[in-house]
Amino acid sequence: MLRVWAPVGVGEIRVGDDLVDVLLTALDETGLPLHDGDIVLVTSKVVSKAEGRSRESTRDEALPGETARVVATRGATRIVRNRLGLTMAAAGIDASNVEAGRILLLPVDPDASAARLRAGVLERTGTNVGVIVTDTAGRAWREGQTDIAIGAAGLTVLESFAGQVDGYGNPLVVTVPAVADELAGAAELAQGKLRARPFAVVSGREDLVLPAGEDGPGATALIRPEGADLFGYGAREAVLQAIAAMYDEHSEARVVFGAPASIEELLAALAEVGYEAQAVGEDVVVRPETDVARLLILAVAFGWHLTRSDDAGARLSPRTP
């Protein structure tokens, strides 16, 4: 049985507050102690407040310093890949539940924040728990937001079923539930957004909690590296970056488009836009070539590059790292 609950009685968190003490005090008042195998979840907002991540600024002023690159722009909204590798609106900078004129930046290292809270609970109570630091994020495919894990310690964050079979005997190939994110969403249901309950406890998934002293890979393991994200740019931005990078072999934008597509994929794409092409060894030759610019844009998007263009046609080769 899975049980999720959020203790009440947590006051305003300020710089330097001991979150372990705050958590344990709130738990004492409920009369519900922690047990080995429980999972403690805490919002990034209170972690940031305790770690002094509040700034007298605005989102627009702070955004450049928290941005690795812009993913998409829609009106005043900026979706960016932030310094932690997370893709979020406004880099996860928070302007709610703080004093007017101030903002909150995400923790410097959420996995480390989770590890400190876990170690503190073990030291003071002797209880081995997993810890998740949560934040709210939107989804590329769906409306609305839900909480996700941006930091974790002592926890299996991805539960792999690859290699197993379902009840019908079908092999499971890519079934890897992001259990840390699922736990974050469950905790949010108990915490609410305006109820001053920044902590939650989940019981019933002790199988996910690692032995004391083993913090595991952290929530960093949930972040796809550059080039592995299927939506590395918004649709408009993808077109813009492909055009901007078509004559620049060293453009960082090329990395975001991912590993080179296979010859079969490239040949199919070329045929779809009206080119006649064939594989020659590891390369692709296009004959005749009458529109170099269009071909260059396609090459960038598919991770290839133009190595020759003359009367005999154009030769494309897969991009090397």
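The largest nonpolar core of this predicted model comprises 32 residues, of which L34, V40 and F199 touch the most other members. A nonpolar core is here a set of buried Ala, Val, Leu, Ile, Met, Phe, Trp, Tyr and Cys residues joined through side-chain atoms within 4.5 Å; buried denotes under 20% relative accessible area, exposed over 50%, and partly exposed the range in between, with a 1.4 Å probe and protein chains only. Two or more residues are contributed to this core by each of helix 1 (19-30), strand 2 (39-43), helix 2 (44-50), helix 4 (110-125), strand 8 (130-138), strand 9 (145-153) and strand 10 (199-203). Helices (H or I, at least four residues) and strands (E, at least two) are DSSP runs, numbered from the N terminus. Helix 1 supplies the largest share of the core, seven residues.

When neighbours within four places in sequence are set aside, F199 is in contact (heavy atoms within 4.5 Å) with A6, P7, V10, L19, V22, L23, V40, L41, V42 and Q191. Another core, of 19 residues, lies apart from the largest one and includes A6, L41, I132 and A184.

Strand 2 is largely enclosed by the rest of the structure, because five of its five residues are buried. I39, L41 and T43 point one way from this strand, whereas V40 and V42 point the other way. Strand 2 pairs with strand 8 in the parallel sense over five bridges, two strands being taken as paired if DSSP finds at least two bridges between them. In this pairing, V40 stands opposite V131 of strand 8. With strand 10, strand 2 pairs in the antiparallel sense over four bridges, and L41 stands opposite A200 of strand 10.

An open sheet of three strands, in the order 4-5-6, shows antiparallel pairing. Its edge strands, strand 4 (67-74) and strand 6 (87-89), each pair on one side only. The twist from one strand to the next averages 30°. Strand 5 (residues 77-82) is joined to strand 6 by three antiparallel bridges, and V80 has M88 in strand 6 as its bridge partner. Helix 3 (residues 59-66) lies across strand 4 and strand 5 and runs at about 130° to strand 4. Axes are lines fitted to C-alpha atoms, for helices over the stretch in contact, and angles run from 0 to 180 degrees between N-to-C directions.

Residues are numbered from 1 along each chain as its sequence is written, and side-chain values use heavy atoms, with hydrogens and water left out. Because the model is predicted, local features need pLDDT of at least 70 and side-chain atom pairs count only at pLDDT 80 or more, whereas totals for chains, interfaces and linings use all residues.
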